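Please prepare a briefing on the structure shown here, with the points grouped by topic and the cut-offs stated for each term.

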Amino acid sequence: MKMCCFGLRVFLLISATFLSFVLHKYEPQIPVVGFYFMLANVISLIIFFLFFKELLPGFVKPAAVHYFSAIGGFVSGLALSLINIKKSKGRFLNIQISITVLWIFIIFFIVLNFNAVAKFFAEF
């Protein structure tokens, strides 16, 4: 049985986004972005776990696995990559570290320039 990897990625991304808004309605103390971050890391944790246990279909490429890290699941992606260092050595680990560094820069930029970022998005 083949599953559409791209379709699954899009479905999980849309589901995480939608569920973030629903969860925020019930727990307004946590921002939508916080829920999204948590859900993206849970999804990434599952996908990376399945990837390293070789339980994903054979046609799933490492780039598809990195996608879940790039959409926000970088914490669990890096953690599982480091735990499975024998399977993730070389280019795979370098890409994962690069995604994590990119996210760290994005987070620091937003934190350090929060007023400017908020003003920019408020104009939409």
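**Briefing**

Ile110 is partly exposed, with a relative accessible area of 35%; buried means under 20% relative accessible area, exposed over 50% and partly exposed in between, with a 1.4 Å probe and protein chains only. Ile110 belongs to helix H4. The model is a predicted one, in which local features need pLDDT of at least 70, side-chain atom pairs count only at pLDDT 80 or more, and totals for chains, interfaces and linings use all residues. Residues are numbered from 1 along each chain as its sequence is written, and side-chain values use heavy atoms, with hydrogens and water left out.

**Confidence**

- The mean pLDDT of the chain is 89, and 96% of the residues score at least 70; pLDDT is the predictor's confidence in each residue, from 0 to 100.
- Helix H4 has the highest mean pLDDT among the elements of the chain (94), and helix H5 (residues 114-122) the lowest (85).
- Where pLDDT is low, the predicted coordinates should not be read in detail.

**Overall fold**

- The chain has five helices and zero strands; helices (H or I, at least four residues) and strands (E, at least two) are DSSP runs, numbered from the N terminus.
- Read from the N terminus, the order of elements is α-α-α-α-α.
- Along the principal axes, the C-alpha atoms of the chain fill a box of roughly 45 × 30 × 25 Å.
- The chain has 124 residues, of which 31% count as buried.

**Nonpolar surface patch**

- Leu102, Ile106, Phe109, Ile110 and Phe114 make a nonpolar surface patch of about 480 Å².
- Patches are made of residues with over 30% relative accessible area and no salt bridge, where like charges are joined within 9 Å and nonpolar side chains (Val, Leu, Ile, Met, Phe, Trp, Tyr) within 5 Å.
- A salt bridge here is a side-chain nitrogen of Lys or Arg within 4 Å of a carboxyl oxygen of Asp or Glu.
- Accessible areas come from the Shrake-Rupley method with a 1.4 Å probe, and for residues only the protein chains shown count as cover.
- With four residues, helix H4 (residues 91-112) gives the most to this patch.

**Aromatic contacts**

- There are nine aromatic pairs in the structure; rings of Phe, Tyr and Trp (its six-membered ring) pair if their centres lie within 6.5 Å, with planes under 30 degrees apart counted as stacked, over 60 as edge-to-face and the rest as tilted.
- Tyr67 and Phe68 form an edge-to-face pair, because their ring centres are 5.5 Å apart and their planes meet at 85°.
- Tyr67 is partly exposed at 23% relative accessibility, whereas Phe68 is buried at 3%.
- Phe74 and Trp103 also have ring centres 5.5 Å apart, but their planes are at 10°, so this pair is stacked.
- Phe74 lies in helix H3 (residues 62-83) and Trp103 in helix H4, so the pair ties together parts that are 29 residues apart in sequence.
- Phe74 counts as buried, at 6% relative accessibility.
- Phe48, Phe51, Phe52 and Phe92 are linked into a cluster by ring pairs.
- Arg9 lies over the face of Tyr67, at 5.1 Å from the ring centre; a charge sits over a ring if NZ of Lys or CZ of Arg is within 6 Å of the ring centre and within 35 degrees of the ring normal.

**Backbone at Glu54**

- Glu54 lies in the loop between helix H2 (32-52) and H3 and is exposed, with a relative accessible area of 63%.
- Glu54 is not a glycine, yet has a positive phi of about 55°.
- Most residues other than glycine have a negative phi, and most peptide bonds are trans.

**C-alpha separations**

- Leu45, in helix H2, is partly exposed at 40% relative accessibility; Leu45 and Leu80 are 35 residues apart in sequence, with 7.3 Å between their C-alpha atoms.
- Ile47, also in helix H2, is buried at 9% relative accessible area; its C-alpha is 9.5 Å from that of Ala64, 17 residues away in sequence.
- Leu82, in helix H3, is partly exposed at 46% relative accessibility; the C-alpha atoms of Leu82 and Leu93 are separated by 7.9 Å, at eleven residues apart along the chain.
- Ser88 sits in the loop between H3 and H4 and is buried, with a relative accessible area of 0%; Ser88 and Thr100 are twelve residues apart in sequence and 15 Å apart from C-alpha to C-alpha.
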